[in-house]
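Biologist: Could you take me through one part of this model up close? I would like to look at the charged pairs and the backbone around them.

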Amino acid sequence: MKRITLTMGKRKSRAKPAPKKRNDKLDTVFSCPFCNHGTSVECRIDMKNLIGEATCGICQESFSTTVTGLF
């Protein structure tokens, strides 16, 4: 007679969670389209007052607009 040994099944191992993707920060300094000076335009977004502003430190040109949550 053969002897049959019964073993309990193992628990299934859980898959490791996927690593979180790191969101890279967007640039806040650009070249000016008016005076073509590199890295002179600085952008600011004020989410409290919903205003976005871009100003050139060289030629003092500025642009502001209203922003939404998508900006």
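**A close look at charged pairs and loops**

Modeller: Happy to. Please keep in mind that this is a predicted model. R22 is an exposed residue, because its relative accessibility is 72% and exposed means over 50%. R22 forms a salt bridge with D24, and their closest N and O atoms are 3.5 Å apart. D24 is exposed as well, with a relative accessible area of 59%. As background, side chains of opposite charge can pair when their charged atoms come close.

R44 counts as partly exposed at 48% relative accessibility, and E42 counts as partly exposed at 39%.

Now for the backbone. Most residues other than glycine have a negative phi. T39 is not a glycine, yet its phi is positive, at about 50 degrees. You will find T39 in the loop between β1 (29–30) and β2 (41–46). T39 is exposed, with a relative accessible area of 64%.

L50 is also worth a look: this residue, other than glycine, has a positive phi near 55 degrees. L50 sits in the loop between β2 and β3 (51–56). With a relative accessible area of 41%, L50 is partly exposed.

How values were computed: Residues are numbered from 1 along each chain as its sequence is written. This is a predicted model: local features need pLDDT of at least 70, side-chain atom pairs count only at pLDDT 80 or more; totals for chains, interfaces and linings use all residues. Side-chain values use heavy atoms; hydrogens and water are left out. A salt bridge is a side-chain nitrogen of Lys or Arg within 4 Å of a carboxyl oxygen of Asp or Glu. Buried means under 20% relative accessible area, exposed over 50%, partly exposed in between (1.4 Å probe, protein chains only). Helices (H or I, at least four residues) and strands (E, at least two) are DSSP runs, numbered from the N terminus.
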